[in-house]
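Here is a friendly tour of one protein model. Have a look at the picture first, and then we'll walk through it a piece at a time.

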Amino acid sequence: MAAYNPRTVEEVFRDFKGRRAGMVKALTSDVEEFFQQCDPEKENLCLYGFPNEHWEVNLPAEEVPPELPEPALGINFARDGMQEKDWLSLVAVHSDAWLLSVAFYFGARFGFDKADRKRLFNLINDLPTIFEVVSGTAKKNQKEKIAASNHSSTKSKSNSKVRELEPEKYLKNDEDDDDDEEEEDEDEHGETLCGACGGNYASNEFWICCDICEKWFHGKCVKITPARAEHIKQYKCPACSNKRARP
């Protein structure tokens, strides 16, 4: 089958988004399967993302030079020598670099001029990097959006599945008022403990509530980012998910 080669800025960006979505899945929702496939006992493995939003762990292309730039080689070798979150972050950084190289490979191949390259970069730059999604730092860029969308919500646990900074903290009010509201928020939820690590609630951290057991968790402890939480209709914590899976 002939390879698909995007030729316009919009086509290259669609290609980028599809590959990125696949790699994000590998490092977030499909992370257990990805972890298993990256066996350190196997040969040099690479993580590939495809335009159809699928991902694959495989050996690098044998042809030299390859048809497309190749992703980082040997990601599986470091798997057991690092903390899992650090290893995933490392893979994410290399994945971001690969996505950019593929996009601008197409740009060079099909003669994008300065304006085209700038437009392509701006489209790409509007998306969080894979590293930002995997490490949770993307939430810092989304707090205002989440706060705005939750402006009409209350602090009630029953009415709010995702615990974030309240919208009032983003309004340009008097700084003293903002400090008071933050202290009130800390006081109100100060007794809440993370169901995973047992840590106390802090208003500057992302939290999510299980809709089954109603326990609260640090997003980082259950590998849920604000971006993922926005698309979850009913969140089940790992413990509740395991219970459901048992016959």
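## The biggest pocket

Let's start with what lines the largest pocket: by class, there are 8 nonpolar, 9 polar and 8 charged residues. Keep in mind that you're looking at a predicted model. The space in this pocket comes to about 600 Å³. Its lining is made of 25 residues, and the closest to the pocket's centre are Lys85, Val134, Ser135, Gly136 and Lys220.

Which elements give two or more residues to the lining of this pocket? They are H3, helix H5 (130-135) and helix H6 (138-149). H3 gives the most, with 5 residues.

## A serine in helix H3

Now zoom in on Ser89, which sits in helix H3 (residues 84-109). Is Ser89 buried or exposed? Its relative accessibility is 16%, and buried means under 20%, so Ser89 counts as buried.

What does Ser89 touch, if you skip its neighbours within four places in sequence? The answer is Phe131, Val134 and Ser135.

## The whole protein

Time to step back. The protein has 9 helices and 5 strands. Reading from the N terminus, the elements go α-α-β-β-α-α-α-α-β-α-β-β-α-α. Of the 247 residues, 39% are buried.

Here's a number about how the chain comes together. Take the contacts between residues at least 6 apart in sequence: 59% of them join residues at least 24 apart.

In soluble globular proteins, nonpolar side chains tend to be buried together. In this model, the largest nonpolar core has 34 residues, and those with the most contacts inside it are Leu27, Phe34, Leu47, Leu120 and Ile130. Helix H1 (9-27), helix H2 (31-37), E1, E2, H3, helix H4 (114-125) and H5 each give two or more residues to this core. H3 comes out on top here, giving 9 residues.

Leaving out its neighbours within four places in sequence, Phe34 is in contact with Ala26, Leu27, Leu47, Trp55, Val57, Ile75, Trp87, Leu88 and Val91. There's also a second, separate core of 16 residues, and Phe206, Trp207, Phe217 and Ile224 are among them.

Rolling a probe the size of a water molecule over the atoms shows where empty space is left. How many cavities of 30 Å³ or more turn up? The count is 2. The second largest cavity holds about 40 Å³ of space.

Met23, Leu47, Pro71, Ala72, Ile75, Val91, His94, Ser95 and Trp98 line this second largest cavity. By class, that lining has 7 nonpolar, 2 polar and no charged residues. H3 shows up again, with the largest share of the lining at 4 residues.

Leu123 lies in helix H4. With 27% relative accessibility, Leu123 counts as partly exposed, because that value falls between the 20% and 50% cut-offs.

How far apart are Leu123 and Val9? In sequence they are 114 residues apart, yet their C-alpha atoms are 9.2 Å apart in space. Setting aside neighbours within four places in sequence, Leu123 is in contact with Val9 and Phe13.

## Two loop residues with a positive phi

Most residues other than glycine have a negative phi. Glu53 has a positive value, with a phi near 75 degrees. You'll find Glu53 in the loop between strand E1 (46-49) and strand E2 (55-58). Glu53 is partly exposed, at a relative accessible area of 38%.

Lys223 also has a positive phi, near 60 degrees. Lys223 belongs to the loop between strand E5 (216-218) and helix H8 (226-229). With a relative accessible area of 42%, Lys223 is partly exposed.

Notes
Residues are numbered from 1 along each chain as its sequence is written. This is a predicted model: local features need pLDDT of at least 70, side-chain atom pairs count only at pLDDT 80 or more; totals for chains, interfaces and linings use all residues. Side-chain values use heavy atoms; hydrogens and water are left out. Buried means under 20% relative accessible area, exposed over 50%, partly exposed in between (1.4 Å probe, protein chains only). Contact means heavy atoms within 4.5 Å. On a 1 Å grid over the protein atoms alone, a cavity is a set of points where a 1.4 Å probe fits but cannot get out, and a pocket is an open set with protein on both sides within 12 Å along at least five of seven lines; lining residues have an atom within 4 Å of a point. Grid points are joined across faces, edges and corners, and a volume is the space filled by probe spheres set on the points. Ala, Val, Leu, Ile, Met, Phe, Trp, Tyr, Cys and Pro count as nonpolar, Asp, Glu, Lys and Arg as charged, and the others, Gly among them, as polar. A nonpolar core is a set of buried Ala, Val, Leu, Ile, Met, Phe, Trp, Tyr and Cys residues joined through side-chain atoms within 4.5 Å.
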